[in-house]
Amino acid sequence: MVKYIRELSDSVIYWIKMKKTLFFLLSILILPQPGQSQSVIDSLRQVVASQKADSSKIKALIYLSRNYAEDSSEKAKKFADSALAWARRKDNTKMQSLALLEIGSYYYDQHQFEKARAYLFESEKLARKINDTSTLALALNYIAISYSDQSLNDSAIHTYKKALKIDSARLDTNGIALNYYNLGIAYEYQNHYEQAVEYYLKGLVLEEQLNDSLDIAYLYNNLGNVYQVWGNYSKSLDYYFKALGIFEQMNSKQGQAMITNNIGIVYHDWKQFDKALDYYEKGYELEKELNNTDGISTSLNNIAIIYDEKQQYDTALILYHRSLEIEREQNNKYGVAIALGNIGELFYNTARYDSAIKYYQEALKIYKKIKSLDGLAETYQQLGRLFIVKKDFTLADTYLKRSLRISDSLNITFLLKKNYKYLSELYAEQGRFDKAFDMLQEFQQLNDSLYSEELYRQLMALEHVYELEKKEQQIQLLNQQKEADRLKLMNQKQKLKTNRIILLVISIVLAAIIVFAVILRRQNLFRKRTNKLLTDQKTELEKNKQKLIEAKEAAEESEKLKTVFIANMSHEIRTPMNGIIGFSELIKNEPPTEEKLNFYLDIIIENGKALVEVLNDLIDISLIETGQLKLKQNKINISNFLEDLSLNFQKENEQLQNKKLEFTTTISDDCQNQIMHIDDYRLRQVLSNLLQNAAKYTEQGKVTLGCKPSEKEGFIDFYVKDTGIGIPEERLEDIFDAFRQVDESFSRKYGGTGLGLSISKGLVKMMGGKIGAFSELNKGSVFRFTIPIRQDG
């Protein structure tokens, strides 16, 4: 699969903030000479050109280096080198540290990361020596971002946390927010999305306090990136469009270009290629306006992918080569390798295998040179897959096993999954069906574990979000409490003032007693009002706190139900599907004997029926909840209907046969030959659900189906009674809710979707009746519903 390129905002926001911070640091060190009429730059040049060899000259050199960094990197480097030389000559440690920071920044811009870190480490060492925490924090951040650009994410995270510790000690809110942002980026690179979301949201709280719209927009973008990876496209687009609105309001073309590209990626993943192409082309036009070569290359690559997907290969190839040319001009080796790999993939898709091998091998050389293990793993896999097609099984085996080793060491699960799949195909081609089956099992097991792991990660991420929202709510409550304390303090101050006035008035003249009484009365009224306000506000705080707790618990319960339902449905659908796929693969790969074939086909049919039952439940609950289910009216004889239902249930239900349960039907005399006008199919569905539940949860004893006239005229009571495990009293109100079961754990003993009772409740309600249950633990349960003999309408 070709690689699209997302325009990450980390390098953008990082360098904007870092360079602003460094410029500010330099500006407070360097002041223009008083009385000069020239610009600051001219003033600084004059200082540099003078014969003086003092700290002012060194500061001016560093400032000029920073000023020229954007336009002329070589000139900036020359000023920084000169500043370092003078600082060393004068033994000025602080200026040495700043000059080293500038030189490290230069080598970073040249993508010479190891060389950059050598200068940055020296800058860090000197800043630490003189306890210059501001320069130290900057140096650590530069070091961390260089690690990040080389995919050394563990080192990056460790260094960011060191910088965060320093900024926290300095109470530098901007620095703390920046480190939260960068930690989110680093965790996102490691695919630890729940930690990434946690740090992004922490950063968002601080940036909203700082009212920094630009940083808020970049954080919205990165949250959109995470939700795009999770496949939550609506949430992802919501964040992207929030960011786009801010960038448009600020007229930031750079931000708009980044967001339009990322929105295009969402639509690409959504398989809406025309819409994706529209956004990619908008981003491309913006990048051309900005003359941003990196962005232009990214846009060309992503546009090419759309044409590749639409099988317009000639156009795609032209665009890939244009992207490749730009990456080579920029000396961006990683970008070059991606472009080469994408071209190789295009040739593979068009069966031009020799050309594909050539481009894959070129990409492989670069990945080896820059030590990109994930790039090596993916390219080895692509070559292995290609040599399967070319029937060169030896090379295919070599490349796939290399990819497998790297993927396993890096725990890149999506590559591991593909490797097992391709190795299964390779062994099948060689006739090694036992090995092929082993690889297929590894593939299916990893596929299942990937789903469970992703589900767990999303659940953990949601928990982190809840915790952060809870902290925000606590902050709001704390602010309200502070306001109440402020009012109380005002009251105390007013009281002291009143007492002073009283003492003063008494000491001056006795006649002022009347005036004093008036003043005292007014102050008492003020105190009462203030105390009332404090009492009311405290009451309101308690109410708000309770509401927040209830809202949080409701949200957590809702998310828990969703998660449990997804896990249950995944299990209920994948279990029969695995059976169908697995035994179908056995039939396909190695034709079995007639006896085995019949056995395999029976299993496939049984699993197919189970899958249909799950899907039918989902359709029924959907129709009921949306009000689209329509009931029919048929005339039935109750006793004949129940006898027929009983015979079919005893014949078809395996639980009765396996457990040897006693099953009886009890029909009262008044119900014998009673005629009902009702939808007999839906009545049968309700009773079947109740009977199946009774049989499932009863290990031994009996199950009874019965009916009798209701105490309410014109109605009939139906019931199903069992001697099973029973239901706890506190769960009786929940069991008729959708997706609820007595045991909701992932490892529950009894299977099922948890929809049967909810469907039954909905159908009974549509028939004009009510359903309920009575139960005792370890003694059994009775499910009873009452419906009218004749349905209305």
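I began with leucine 386, which is found in helix α19. Helices here are DSSP runs of H or I with at least four residues, strands are runs of E with at least two, and both are numbered from the N terminus. The model is predicted, so I kept in mind that local features need pLDDT of at least 70 and side-chain atom pairs count only at pLDDT 80 or more, while totals for chains, interfaces and linings use all residues. Residues are numbered from 1 along each chain as its sequence is written, and side-chain values use heavy atoms, with hydrogens and water left out.

Is leucine 386 buried or exposed? I noted it as buried, because its relative accessibility is 0%; buried means under 20% relative accessible area, exposed over 50%, and partly exposed in between, with a 1.4 Å probe and protein chains only. Leaving out residues up to four places away in sequence, I found leucine 386 touching Tyr348, Tyr353, Ala356, Ile357 and Tyr360 (contact means heavy atoms within 4.5 Å). Isoleucine 357 is 29 residues away along the chain, with 8.1 Å between the C-alpha atoms.

Next I looked at how α19 (residues 373–389) packs on helix α20 (residues 393–410): the angle is about 155 degrees and the axes are 7 Å apart. Those axes are lines fitted to C-alpha atoms over the stretch in contact, and angles run from 0 to 180 degrees between N-to-C directions. The angle therefore makes α19 roughly antiparallel to α20, a label for angles over 145 degrees. The residues of this contact divide into 14 nonpolar, 4 polar and 3 charged. Here Ala, Val, Leu, Ile, Met, Phe, Trp, Tyr, Cys and Pro count as nonpolar, Asp, Glu, Lys and Arg as charged, and the others, Gly among them, as polar.

Then I turned to threonine 173, in helix α9 (residues 173–189). I logged threonine 173 as partly exposed, with a relative accessible area of 30%. Beyond its neighbours within four places in sequence, threonine 173 is in contact with Leu206 and Leu210. Its C-alpha lies 8.8 Å from that of glutamate 207, 34 residues apart in sequence.

Last, the strands. I saw β6 (residues 770–776) and β7 (residues 780–788) pair in the antiparallel sense over 7 bridges; pairing needs at least two bridges found by DSSP. Which residue in β7 is the bridge partner of phenylalanine 774? I found valine 782 there. The two strands form a hairpin with 3 residues between them, and asparagine 778 in the turn has a positive phi of about 65 degrees.

Key. Angles under 35 degrees count as roughly parallel, over 145 as roughly antiparallel, 65 to 115 as roughly perpendicular and the rest as oblique.
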